[in-house]
Amino acid sequence: MSDTLLTIDGISVKYGSIEALHEVSMSVKRGDIVSLIGANGAGKSTLLKAVMAQVPLSSGSITFEGNEICSTKKHGRTTHQLASLGMALVPEGRHVFADMTVEENLDMGAFLVRDSKEIDRKKEEMFDFFPILSQRRKQKTRSLSGGEQQMMAIARALMSSPKLLLLDEPGLGLAPLIVQDIFHKIRKINEEDKVTVFLVEQNARMALKNSTTGYVIETGNIVLSDTSENLLNNEKVKAAYLGE
Amino acid sequence: MTTLIQYLQYFLNGITLGAIYALIALGYTMVYGILKFINFAHGDILMVGAYTGLLTYTALLGDSTNGAWMLIAFFLAMLVSMAFCAILGMFIEKVAYKPLRNANRLAPLLSAIGVSFILSNGAAWIFGTQSRRFPYPFDDTPIVIAGLSITPHQILTIVVSIIMMIVLTSFVNKTRMGKAMRATSLDQPTSELMGIDVNHVISMTFAIGSALAAVGGILASFDFRVSASMGTMTGLKAFVAAVIGGIGNIQGAMLGGIILGILESVGAPLLGIPSSLRDAIAFAVLIIILLVKPDGILGKNEREKV
Ligand SMILES: Nc1ncnc2c1ncn2[C@@H]1O[C@H](COP(=O)(O)OP(=O)(O)O)[C@@H](O)[C@H]1O
Ligand SMILES: [Mg+2]
């Protein structure tokens, strides 16, 4: 089995005449936590949306487990088909089903799991892992705090036991302590459940400290890539993203 | 002077009428909940349902006058009509709405009006413009209890509507497909991330809405007769009911239907206006609701998106 789980090969994405991504290439190795850092508007969310086929490509292709999943050809895979291949995205802003209870949200995350015993087992696993959700299981998700909603969104994505977990700014708008807790959980998911993680963040320090490999994106172009450790010590990164 | 017992009678008649509105309103509201689109051809589906029901019932019945067989034939005809309308609804969505999903918001609306004309003119061409009676599958002599009279077809209407609403509610809350429908109406892109095939959900929504309209159409036939144009006014009123209850909200459509039926039935004698003006009541109520609570009785404010 190939060592590379996800390969992004020279993809460009346009919104009308504006090019949000310009021939971006990167790869995610099985078992790694890969982070992509960049300022607001750099194209991070667009990249994750392209991976999940939520925006069309104007050039390039994306390969998952050796199979081409997205390209400029007309009939590529659709988002729901990608979910069934083992890719789960926690979108920016969490996008919980606010009118549904925590438990119903988790049920939606397990939409592709047909075995109800497996769903129940997975739910209990999530409630063990995120005890705060256990107390809230019968509550409408709208009543949860931002941090709780983020945890619920992550738990919902894990319900399908994905091979690749994509996270769009998991720390956005949350208090520092909660952000730490969430990143701690992300590492545990990676280490204990062997889930490969690809996360994008504006919070560069948090992202680089908790990942193995890092990429830096500026206005749709990848400008740097290295081990996260090296990036943390890179002068340019320090000046532009770490405020040192 | 209208007596109390007479008002109770109007009230009872209103519930029957409202149950029919509710069944039809569900189709408008479910489709709107997911596509944010008013399916103006929905009223004509109820007309197709009524014709399908009538033709199937007459064919099954033949010369038989056996009471039990009349009832069985009636329910079989209802099932056939539900199935036919479900398929028709899915077909219309595929052909007339799906290709326009990313077009200007006005395009599917115009397409729906086109479909509506095709269905009603098609029916007028096939069946003529003469309206037909839907024969009662039983003796419809009213039953009088404490001065209130209720006909067997009213009882049938109320019982069938309640069953349909209970089945729909548990489908939407308990089953995998039903939950997928709710999720899709809450947040379509996120539902796709969960692995939900939204095209399939949309097809199912049209199928269910159209099947309920078929039932509504058959039940409405007892009071309004079957004709090519029967869907227009009843469909419009059901749409008003959906808006009153809060468009996009399933419980709202049920509630809105019942309320509208009661107001129509009780309103005319109460306000002392001639019953020929009854239709105006629905639209007066609509205007008041739009002014006072534009999201409808159970409609939610769009504030939920953080
Ligand atoms: N739906 C859209 N339509 C038009 N432009 C968009 C759309 N989404 C994002 N953009 C633009 O594309 C660029 C990248 O956006 P995005 O990927 O959201 O950045 P990030 O997630 O890094 O903040 C920005 O300039 C943004 O304004
Ligand atoms: Mg973003």
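How do the residues of the shell around ligand 1 divide into nonpolar, polar and charged? I looked this up in what is a predicted model. The count came to 4 nonpolar, 5 polar and 2 charged residues.

Entry, ligand 1. I listed the residues around the ligand and found A:Tyr15, A:Ala20, A:Glu92 and a run that goes A:Ala39, A:Asn40, A:Gly41, A:Ala42, A:Gly43, A:Lys44, A:Ser45 and A:Thr46.

Entry, polar pairs. I checked the distances to oxygen atoms of ligand 1. For A:Lys44 I noted a backbone N or O atom at 2.8 Å from one such oxygen. For A:Ser45 the side chain supplies the N or O atom, at 2.8 Å from a ligand oxygen. A:Thr46 places a polar side-chain atom 2.5 Å from an oxygen of the ligand. On its own, ligand 1 has 560 Å² of accessible area, and the protein covers 59% of that.

Entry, chain B. I counted 11 helices and 2 strands. Along the sequence I read the pattern as α-α-α-α-β-β-α-α-α-α-α-α-α. The C-alpha atoms fill a box of roughly 55 × 45 × 35 Å along the principal axes. I compared the radius of gyration, 19 Å, with the value near 19 Å for a compact globule of 306 residues, and the two agree.

Entry, burial and contacts in chain B. Of the 306 residues, 52% are buried. The chain exposes about 13,800 Å², with 70% of it supplied by carbon and sulfur atoms. Among contacts between residues at least 6 apart in sequence, I noted that 76% join residues at least 24 apart.

Technical notes. Residues numbered from 1 in each chain as written. Chains lettered and ligands numbered in written order. Predicted model: local features only at pLDDT ≥ 70, side-chain atom pairs only at ≥ 80, totals over all residues. Heavy atoms only, no water. Near = heavy atom within 4 Å. Polar contact = N/O pair within 3.5 Å; in protein donor to acceptor, adjacent residues only side chain to side chain. Areas by Shrake-Rupley, 256 points an atom, 1.4 Å probe, with all protein chains shown as cover. Nonpolar A, V, L, I, M, F, W, Y, C, P; charged D, E, K, R; others polar. Helix = DSSP H or I, 4+ residues; strand = E, 2+ residues; numbered from the N terminus. Rg over C-alpha atoms; globule rule 2.2 N^0.38 Å. Buried < 20%, exposed > 50% of the residue type's maximum accessible area, 1.4 Å probe, protein only. Contact = heavy atoms within 4.5 Å.
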